[in-house]
Amino acid sequence: MKKLKINKYAFLLLQFLFFVVINKVSAQEKEEAEELVKLNYFTINNGVQYLILENSLKTGRKIEPLKNKVFQLYLNSNLPENLIGKISTDKNGNAKSFLPLSLKTAWTESSKHTFIAVALGKEDEIAAELAISKSKIKLDTLTTEGIRNVTVQVMQLTNSVWVPAADVEMKVGVQRLGGILSAGDEETYTTDSSGTASLEFTKDSLPGDQKGNLVLVAKIQDNDLYGNLIVEKTVPWGIVVKPNTSFFEQRTLWTTRFRTPIWLLIMAYSIFIGVWGTIIYLITQIVQIKKLGLAVPEKEV
Amino acid sequence: MENLPSLTKDQIIQDLLPKKFGKIGMIWTFTLISICLFGAFAYYRQLSKGLAVTNMGDYVSWGIYISNFVFFVAISLVGSLITAIFRLSNMKWATPLTRIAEIIAVSAIVFASLIIIIDMGRPDRMLNLFLHGRIQSPIMWDVIVISTYFVISLLLLYLPLLPDLKIMIKFKAQSSSILNKLYLFQGSFWRGTSEQFKVSDRAITILCITIIPVAFSIHTVTSWLFATTYRPGWDSTNFGAYFISGAFLVGAGGVVVAMFIFRKFYKLERYITEMHFEKMGRIVVMLSLLYLYFNINEYLVPAFKMKTGEEAHLKGLFTGEFAPLFWFAILVGMVIPILILVFKKGRKPLPVFIAGIMIVIGAWFKRYLIVTPTLLHPFLPMQDAPAKFHHYFPSWEEWAIAMATLAGSLLVITFFARIYPIIPIQETITEQDETCMSLPPTKQPE
């Protein structure tokens, strides 16, 4: 029985050591660095298309941006004639490129495209790839009986025909300083079979600009098929906010020289006039001394 | 002036008329000119390459230049102490010291203004202060008060000089033709009539009354440049009084040093006597004790509270990076001079001179300690800043320029003493006459 007990403890110890070793090996595995390259496609207001490449180094749980790394971007295949551009990552590990005019024909020819990123010096290796379908997004507003409605429609180009894109998740809201504030009650909205998502605008007491304008935004983010699509529309649905300039119109110690506090002006100028008045008086006294001296011939003294 | 009654008028004039530089005087002058030229070269580099040649940065934006500025402003205050306060208090014994004090004040204030322009990096932008200056800013107050003090100090130097100019014009054979032209231009109209003396004396009294509040303002406003900002070491309501007491001390220290040097090299033992050192020694002890009191007040109270934001700054001074300099400034600039001067034997010319030098050197480092350590310890932690931003040591260009301004101020004093009498001749003669008049009549042999 005693022997059995010893074996039991030995077994527990072995098990403990096994877990320690496994954890250590797994930790070592985690410590291995892995370079990450990701391509993102953006369309703003259905007009401007561009790509953003993200480059980082993953070590364990730590991700660090890789700066000054040069990549070549290609459209559909990494042939020299399909070169979109040569880009270099910034301090955040990001690099941006627009589609050049030389690729307009290739871009309009097809409804589906693949973007390819190749790192400089590793031309035979594809660093990242992104396939997208051409799509467009439309944002409309309608006010009926005082109720404001927002409709967003997403269309996809298939065989040269625009067809509705269903089941596309997006954010619909008002552009604020810190991000997009949902225009309705839901956080996100999804298009139906007609490619449309509709909602009632419930944020009717938001402060707008000086004319009461708000910027409505519909944003599809990181969609597998379409990438990132953003559309904006300015609507007069906000509360008119007139900037309060009274703070700057006060006479204070921190405003411009034209709004100096009266008490300070009186104090400063009285001291200034008092002292400089005395100085000017003293200079007149020197002139007086000179006159007195010149009135007396030198030999008489 | 205990020996004065035995001196004749001609003896006094001959003793006090400006003299040509001797061998030591020439070496001294050329050394100062060389330092100034080297500083001018460093400033040329700063002008062409920008403030990048300095070691100032985002945090220490006020370095050795501003320390030097505060030092100059402080030492300039002596003009109001010796000339105005002593004159208004009818302390006749201080008459031989008035012109020394005034020329120190004028030269210091000139270089205080210059060092500010040097610190600006773009001197042409000085004009913007006048074109777009805001009266709300303490910097603007400083510009106004410095220029005002400069003009008043010049007048206070010039008016008592008029009777001496007449004497120098009379003894023109002892001066060069260029200097004689200068004397004629400045004082040919002085006849020494009673009306002229009346107007002149009245003007000098008005000047003495005016210069005291202006002098207090100049240093109070300089202290407010610091105290109106919320920073460890500067955030004090006591700063004006603290600066003024320090200024009086360094000014008095500067005067005793100048007294000793002029006495020795111009053979003025009969005019600047041991009595002057004895009395100035007593004044310096009083001023040292006063400044020490303000120092204890400025450091002990915050140290007792040791607020988190101020802890790094205070510990840096007491036991950290700046401790050697801090304790040097306290001991050499205040404590040791007190220990020397508090004893009668310590108030002899040489010990007073040594104490004066200690005070001036200690005061220069004290200004550095007021400016720099605070800037290195902002309330918000220094994040993402290069390692060199955590420390400050002036570049050779900064040292050269700062030393050149110090040499420049000494050069102004040197040239002034070469051109004008450093002890007022007419006032000395008048006081001797008054002393003779007040003496009991000597018995005639029967």
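Reply: Two residues are taken to be in contact when heavy atoms of theirs lie within 4.5 Å. The model under discussion is a predicted one.

Me: Leaving aside neighbours within four places in sequence, with which residues is N40(A) in contact?
Reply: N40(A) belongs to strand 1 of chain A, residues 33-44. Neighbours within four places in sequence are left aside here. The contacts of N40(A) are then Y50(A), L51(A), I52(A), E54(A), L130(A), D222(A) and N228(A).

Me: Is N40(A) buried or exposed?
Reply: The cut-off for a buried residue is under 20% relative accessible area. N40(A) has 5% relative accessibility, and therefore it counts as buried.

Me: Which side chain makes a polar contact of 3.2 Å with the side chain of N40(A)?
Reply: The side chain of N40(A) is joined to that of K38(A) by a polar contact of 3.5 Å. The polar contact of 3.2 Å is made with the side chain of E54(A).

Me: With which residue does K38(A) form a salt bridge?
Reply: K38(A) lies in strand 1 of chain A and its partner in strand 16 (residues 214-223), so the pair ties together parts that are 184 residues apart in sequence. The closest N and O atoms are 3.6 Å apart, and the partner is D222(A).

Me: How many residues apart in sequence are the parts that K69(A) and E35(A) tie together?
Reply: The side chains of K69(A) and E35(A) meet in a salt bridge of 3.0 Å, N to O. K69(A) is partly exposed at 26% relative accessibility, and E35(A) is partly exposed at 32%. K69(A) is in the loop between strand 3 (62-65) and strand 4 (70-75) of chain A, whereas E35(A) is in strand 1, so the parts tied together are 34 residues apart in sequence.

Me: How many salt bridges does the structure hold over all chains?
Reply: Side chains of opposite charge can pair when their charged atoms come close. In chain B, E278(B), R282(B) and R347(B) are linked in a network of such bridges. Over all chains, the number of salt bridges is 12.

Me: How many salt bridges does the rule find across the interface of chain A and chain B?
Reply: The side of chain A that touches chain B divides into 20 nonpolar, eight polar and four charged residues. Between the two chains, 12 residue pairs are in polar contact. For salt bridges across this interface, the rule finds zero.

Me: In chain A, which residues lose the most area to chain B?
Reply: The contact draws 32 residues from chain A and 31 residues from chain B. About 2500 Å² is buried between them, and carbon and sulfur atoms give 76% of this area. On the side of chain A, three residues together account for 25% of what is buried, namely R257(A), L282(A) and I289(A).

Me: With which residue does R270(B) meet in a salt bridge?
Reply: R270(B) lies in the loop between helix 11 (239-265) and helix 12 (274-305) of chain B, and its partner lies in helix 1, 255 residues apart. R270(B) is partly exposed, with a relative accessible area of 34%. The side chains meet at 3.0 Å, N to O, and the partner is D15(B).

Me: What arc do the buried residues of helix 1 of chain B cover around the axis?
Reply: In helix 1 of chain B, the buried residues are I12(B), I13(B), D15(B) and L16(B). They lie on the same side of the helix, because the arc they cover is only 165°.

Me: Which residues does L17(B) touch, not counting residues up to four places away in sequence?
Reply: L17(B) is in the loop between helix 1 (9-16) and helix 2 (23-49) of chain B. At 5% relative accessibility, L17(B) counts as buried. The residues it touches are M168(B), F171(B), Q174(B) and I425(B).

Me: Against which helices do the buried residues of helix 9 of chain B pack?
Reply: In helix 9 (residues 177-187) of chain B, L179(B), N180(B), Y183(B), Q186(B) and G187(B) are buried. They fall within an arc of 130°, so they line one face of the helix. On the other side, S177(B), I178(B), K181(B) and F185(B) are exposed. The buried residues pack against helix 7 (138-158), helix 8 (162-170) and helix 16 (396-419) of chain B.

Methods: Residues numbered from 1 in each chain as written. Chains lettered and ligands numbered in written order. Predicted model: local features only at pLDDT ≥ 70, side-chain atom pairs only at ≥ 80, totals over all residues. Heavy atoms only, no water. Buried area = accessible area lost by both parts, 1.4 Å probe. Salt bridge = Lys/Arg side-chain N within 4 Å of Asp/Glu carboxyl O. Polar contact = N/O pair within 3.5 Å; in protein donor to acceptor, adjacent residues only side chain to side chain. Nonpolar A, V, L, I, M, F, W, Y, C, P; charged D, E, K, R; others polar. Helix = DSSP H or I, 4+ residues; strand = E, 2+ residues; numbered from the N terminus. Buried < 20%, exposed > 50% of the residue type's maximum accessible area, 1.4 Å probe, protein only. Arc of directions from axis to C-beta.
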